[in-house]
Amino acid sequence: MWKQKGQGIVEYALILAFVVGVGGVLYSNTSGSLVNSIRSVFSNVNELLASKPVVTEEKDIIERLREGRYEGLAEVLKGKPASRMTIASDSAAGQELARKLNIQTPEGDGWFVDLHTDGVYVITYYAADANKLTYSALKKDYANNTSKYYQPENDKYTRYPTKVSIYEGLYNGTGNQLYLNQTTGHVGPSADGSGMSIYPGSCEP
C-alpha cells in the first residue's frame, strides 16, 4: 500500500514538473498571441497567490476593512474626506471594496465603513444570527417603518428607538484601535440621507 502511495506521489511530481517546464518554455518565448495569453494566466495566478486570503467571519472582515485603510489596500479609504463618507456592503462601492479586499459577506449580514473628516474610521458589522433578522429584511422594514427606527424630532437620546446588536471596529485619526468588540448600535439615515445606515452606540444617557 505504501509503495502505491509513493508511486502516486512520484507521478504527480513528474506531471507537475512537466507542466512547469512547458510553462517555462512558453513564458520565455517573446512572440505569439498564445504565448501572451499563457503569460497573462501565469501573471494572474501569481497575483492571486500573493493576495490576502478570503475572509468570511465578522472579526476577520473588520480586520480586513481596517487593513484596507491603514495598509493602503483600497484607494477609496485613504486620507480624510472633505465630508463624512459612508460605504455600505450592498452598495456598488461596497461590492467593489469587498472584491478588492477579498471579503465574502455571509448571506444575511451587512457592514458599513464610516470615514469622518478628522480621520476617525468606524466599521460596523451587522450579523443576522445575532439579531434574528437579515440585513435585507432590516432595510426593508426601515424603508416601510422609518419612524420605528428614527424620530428626528426627538432629542438625541430618544431619536433612535430601535437598537441592534453589532460588531464594531473604531480607529482614531492616526490608526490606533480604540474599540473592537460586540456592542449595541442604532439604525438611522445614511450620512447623505439617501438610505439606511447602522452606527455604533445606543444613544442612551
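1. A quick definition before anything else: buried means under 20% relative accessible area, exposed means over 50%, and partly exposed is in between, with a 1.4 Å probe and protein chains only. Helices (H or I, at least four residues) and strands (E, at least two) are DSSP runs, numbered from the N terminus.

2. Housekeeping: this is a predicted model, where local features need pLDDT of at least 70, side-chain atom pairs count only at pLDDT 80 or more, and totals for chains, interfaces and linings use all residues. Residues are numbered from 1 along each chain as its sequence is written, and side-chain values use heavy atoms, with hydrogens and water left out.

3. I'd start with strand 2. Six of its six residues are buried, so the rest of the structure largely encloses it. Gly110, Phe112 and Asp114 are on one side, Trp111, Val113 and Leu115 on the other, and both faces are covered.

4. Next, its neighbours (two strands pair if DSSP finds at least two bridges between them). Strand 1 (residues 85–88) runs antiparallel to strand 2 with four bridges, and Thr86 sits opposite Asp114. Strand 3 is also antiparallel to strand 2, through six bridges, with Thr124 as the partner of Phe112. Five residues separate strands 2 and 3 in their hairpin, where Gly119 has a positive phi near 95°.

5. Now the core, meaning a set of buried Ala, Val, Leu, Ile, Met, Phe, Trp, Tyr and Cys residues joined through side-chain atoms within 4.5 Å. The largest has 20 residues, and Leu65, Leu97, Ile103, Trp111, Val113 and Tyr121 touch the most other members. Helix 3, helix 4, strand 2, strand 3 and strand 4 each give two or more residues to this core. A separate core of 12 residues includes Phe112, Tyr135, Met196 and Ile198.

6. Helix 3 (residues 58–70) deserves a look too. Just after the helix, Gly72 takes a positive phi of about 65°.

7. Last, strand 6 (residues 196–200): four of its five residues are buried, so it is largely enclosed by the rest of the structure. Five bridges join strand 5 to strand 6 in an antiparallel arrangement, with Gly185 opposite Pro200.
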